[in-house]
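Work through the exercises below with the sequence and the coordinates open. Each task is followed by a solution in steps.

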Protein chains: 2
Amino acid sequence: MELNNRFITIKNPIDGAAEESDFEIKTDSLSLKLDPGSGHIILKNLCVSIDPYQINRIKRYSSSQSASNFAVRIAPGEAFDAYGVAKVVVSENPEYEKDDLVVGLITWGDYTVVKPGGMMRKFDPMEFPLSYYLGILGFSGLTAYAGFFEVCKPKKGEKVFVSAASGSVGHLVGQYAKLLGCYVVGSAGSREKVALLKDKIGFDDAFNYKHETDLKATLKRYFPDGIDIYFDNVGAEMLEAAVANMNIFGRVAVCGVISEYTGRKNRSAPEMLDVVYKRIKMQGFLAADFMNLYEDFISTTYDHLRNGKIQPLEDISDGVESIPSAFVGLFRGDNIGKKVVRISEE
Amino acid sequence: MELNNRFITIKNPIDGAAEESDFEIKTDSLSLKLDPGSGHIILKNLCVSIDPYQINRIKRYSSSQSASNFAVRIAPGEAFDAYGVAKVVVSENPEYEKDDLVVGLITWGDYTVVKPGGMMRKFDPMEFPLSYYLGILGFSGLTAYAGFFEVCKPKKGEKVFVSAASGSVGHLVGQYAKLLGCYVVGSAGSREKVALLKDKIGFDDAFNYKHETDLKATLKRYFPDGIDIYFDNVGAEMLEAAVANMNIFGRVAVCGVISEYTGRKNRSAPEMLDVVYKRIKMQGFLAADFMNLYEDFISTTYDHLRNGKIQPLEDISDGVESIPSAFVGLFRGDNIGKKVVRISEE
C-alpha cells in the first residue's frame with residue numbers, strides 16, 4: 001500500500017527574512033511496506049514544533065552551520081526535521097509497536113520514516129495534551145528550566161528581565177522565576193500579550209517594546225534598582241539596553257536572538273566596559289546540553305502543572321499546509337506562547 | 001617642615017583619546033607634621049602603576065562610573081590614585097613605622113598622605129625588584145592568574161588566544177597557559193613585540209595585528225582547529241573575530257577593551273548566533289573579586305620566578321613628569337610589558 005506524504009520544503013536558500021512564498025509543499029508516495037529487519041518505523045505525525053531556529057538552517061550562508069549539530073543546513077527539496085509527537089503505523093523495529101506514541105525528531109509533513117538510532121522515544125502523555133510535550137514538557141520547557149536555573153543561577157529576590165516573554169520559552173522562564181521568588185518583568189510586542197503576561201501568567205510587570213523609543217530608559221523605569229538576570233530571546237538593541245541596566249555580577253542567558261536571525265544589520269553591540277566593570281557573564285546555551293537535568297525538570301514541571309502553579313501558553317494551527325505561515329509568523333510575533341501545528345488528530 | 005609635592009591631574013574631562021596636553025603637574029606644599037593620633041601616614045612614592053583603566057575615570061561621561069568602585073571619577077585638579085610602592089616618611093599610625101615599605105593605593109605624585117583604612121599593606125620585597133609588586137606580583141599578575149584559571153577554566157592542550165599579548169597582563173596569561181600545557185598565540189602591535197613573544201616569552205606563535213586586514217581570516221590561519229579560550233584585552237573587531245573562530249563551549253575572559261576605551265565607534269558586535277550555537281561564555285571580571293586566590297597566586301608565581309619559568313616584561317620610565325606620556329603611550333602601544341613610572345630611588 002502506498003500513501004501520499006506531503007511535506008514542507010524550501011524553494012531556495014533565503015538571504016534575510018523568510019516569506020511564505022519561500023516554502024512549498026511537496027508530495028512523495030510512501031510505501032507502507034518496510035524491509036523486514038530494517039529496523040525502520042513509519043510514523044503518522046500528530047503535532048510538530050515550529051521554532052525560530054529553523055531559519056538558521058535555510059540561509060544561503062550562516063557562520064554557525066559548522067559549529068554544532070543544531071543548525072544543520074536544509075537544502076531545497078529536503079524535508080525539515082523538527083521535534084514532534086507521532087504515532088507508529090508500521091514497525092520493523094522490535095522496540096516499537098503499531099500505535100505506540102513517540103516524541104522526537106519527525107518531519108514537517110504527514111509521515112516520518114525513522115531509521116534505527118533516530119532521536120525518538122516512546123512516551124505516555126498521561127493527563128496532558130500531546131502538544132505539551134513540544135512546549136512546557138518538551139524542549140521549550142527544558143530550555144527555560146536549564147537556562148534559568150543552570151545558566152543564570154538565580155537567587156530568591158533577584159530582578160529578572162525576560163524578552164519575547166510571551167514566547168514559547170519566555171513565558172515559562174518568567175513563571176519559574178516567580179515560583180522562586182524573583183521580581184519579573186517581560187517585554188512583548190502587543191497590548192494583548194502584555195495584558196496576558198500581567199494578568200494570567202503572573203509577571204510583576206510587562207511592556208510593549210514597540211511603544212518604546214529608548215529601551216535603555218524603558219528598562220531603567222521598570223528596574224530602578226537594576227537587572228540581575230536577563231534571559232535574552234531577542235538580541236540586538238534589547239541586549240544592549242539590558243547590559244546597560246545590569247547590576248554587578250549580572251548574568252545574561254543568551255537563549256536566542258530572534259531579531260538577529262534575519263539580518264546582520266541588527267547585530268548587538270553591548271557596552272563591553274559595562275561587561276568588565278560590572279563583571280557581567282553572557283552565556284549562550286542549548287537545552288540539549290542539559291539532558292542531565294531532564295528528570296528534575298520534568299518532575300518539577302509535572303508538579304507545577306498538577307498544582308496549577310504554571311500556565312502553559314500554546315498557539316496551535318492545523319494542517320501541514322499551515323506550517324509555512326506558522327513559521328513565518330514567528331518572526332512577526334504572531335504567536336502567543338508555544339507555536340505548534342497539529343497535523344492530524346490521533 | 002614643608003615639602004613641595006608634585007602630582008599629576010587633568011585640566012578638563014576628556015571626550016575621546018587622551019593627549020599629554022590634557023594633563024598638568026600641580027604642586028602643593030605638604031607639611032610633614034601630622035596631628036598626633038590622626039592615624040595618618042605620609043609616604044614617599046617610589047614607583048607607581050600606569051594602567052589603561054584610568055582613562056575611564058576622566059571621561060566627561062562614562063556609563064560605568066556608577067557601576068563599581070573601580071572607575072570612580074577623577075575631577076580636574078584632583079590627584080590620581082593608583083597602585084604603587086612607597087616608603088613611610090612620617091607615621092602617626094601605630095601600624096606603620098618610618099622606612100616601612102608599603103604597597104597599595106598611592107598617588108601619581110611625589111608623596112601620598114594615607115588616612116586610616118587606606119588600601120595599603122607593609123611588605124617585604126625579598127629578592128625581587130619593587131616594580132614586580134606592581135606587575136607580575138601585583139594586580140597585573142593576579143588579573144592574569146585569576147582571569148585565566150578562574151574565568152577561563154583552562155584544560156591542558158586547549159588552544160588559547162591572547163590579545164595585547166605583550167601588555168602588562170597578556171604576557172603573563174600566555175606564560176601561565178604555556179605552563180599548563182596549552183597552545184598559545186598572541187597578537188601585538190609591532191614586529192619587536194611579536195619577536196619578543198615568540199623568542200623570549202615562549203608563545204607558540206604571535207602576529208602583528210596592524211599588518212592584518214581580515215582578523216577573522218588571520219585567526220583561522222593561526223587556529224585551524226579553533227580557539228577554546230580568548231583572553232580579551234582589546235575588544236572591538238578582535239573580539240568579533242575571536243568569537244567567529246571559537247570552538248563549542250569556548251570561553252572569553254573580558255579583562256579589558258582598550259580599543260573601546262577611547263571611542264564608542266569601536267564597539268564590538270560579536271555574532272550572537274555563534275554565542276548561542278557554540279555555547280560561548282563571555283565574562284567580564286576584575287582581579288579585586290579574586291582576593292581569595294591571592295595566596296595561591298603569589299606562592300605559585302614566586303616559584304615560577306625563582307625557577308626561571310616565567311619572564312616578567314617591564315617598561316619603566318622615570319619621574320613624576322613622565323607620567324602623562326607614559327599613560328598616553330599605553331593607547332599607542334608604546335609600552336612593552338607592565339608600564340611603571342619610578343618616581344624616586346629608595
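**Exercise 1. Relation of the copies**

Determine which rotation and shift superpose chain A on chain B in this predicted model.

Step 1. Superposition of chain A on chain B takes a rotation of 180 degrees and a shift of 0.0 Å along the axis, with an RMSD of 0.0 Å. Step 2. This is the relation of a two-fold axis. Step 3. To place the axis, take Ala269(A): its C-alpha lies 2.1 Å away, the closest approach of any residue of chain A. Step 4. Of the interface residues of chain A, 100% are also interface residues in chain B, so the copies meet through the same surface.

**Exercise 2. The nonpolar core**

Identify the residues that touch the most other members of the largest nonpolar core.

Step 1. The core in question has 116 residues. Step 2. Those that touch the most other members are Tyr230(A), Phe327(A), Tyr230(B) and Phe327(B). Step 3. Beyond four places in sequence, the contacts of Phe327(A) include Phe23(A), Ile50(A), Ile58(A) and Trp108(A). Step 4. In chain B, Phe327(B) is likewise among the contacts of Trp108(B).

**Exercise 3. Trp108(B)**

Is Trp108(B) buried or exposed?

Step 1. Locate the residue: Trp108(B) sits in the loop from β5 (101–107) to β6 (111–114) of chain B. Step 2. Its relative accessible area is 0%; the cut-off for buried is under 20%, so Trp108(B) is buried. Step 3. Among its contacts beyond four places in sequence are Phe7(B), Val48(B), Phe80(B) and Ile323(B). Step 4. Tyr83(B), 25 residues away in sequence, has its C-alpha 9.1 Å from that of Trp108(B).

**Exercise 4. Strand β8 of chain B**

Find which strands pair with β8(B), and in what sense.

Step 1. β8 (residues 159–162) and β9 (residues 183–188) of chain B are parallel and share 4 bridges; one of the partner pairs is Lys159(B) with Tyr183(B). Step 2. Step 3. β11 (residues 227–232) of chain B also runs parallel to β8(B), through 3 bridges. Step 4. Here Phe161(B) has Tyr230(B) as its bridge partner, and Tyr230(B) is one of the core residues named in Exercise 2.

**Exercise 5. Asn335(B)**

Describe the surroundings of Asn335(B).

Step 1. Asn335(B) belongs to the loop between α8 (323–332) and β15 (338–342) of chain B. Step 2. With a relative accessible area of 12%, Asn335(B) is buried. Step 3. A polar atom of its side chain lies 3.0 Å from the backbone oxygen of Gly337(B). Step 4.

Definitions and conventions:
Residues numbered from 1 in each chain as written. Chains lettered and ligands numbered in written order. Predicted model: local features only at pLDDT ≥ 70, side-chain atom pairs only at ≥ 80, totals over all residues. Heavy atoms only, no water. Core = buried A, V, L, I, M, F, W, Y, C linked by side-chain atoms within 4.5 Å. Buried < 20%, exposed > 50% of the residue type's maximum accessible area, 1.4 Å probe, protein only. Contact = heavy atoms within 4.5 Å. Helix = DSSP H or I, 4+ residues; strand = E, 2+ residues; numbered from the N terminus. Pairing = 2+ DSSP bridges. Least-squares fit on C-alpha atoms with pLDDT ≥ 70 in both. Polar contact = N/O pair within 3.5 Å; in protein donor to acceptor, adjacent residues only side chain to side chain.
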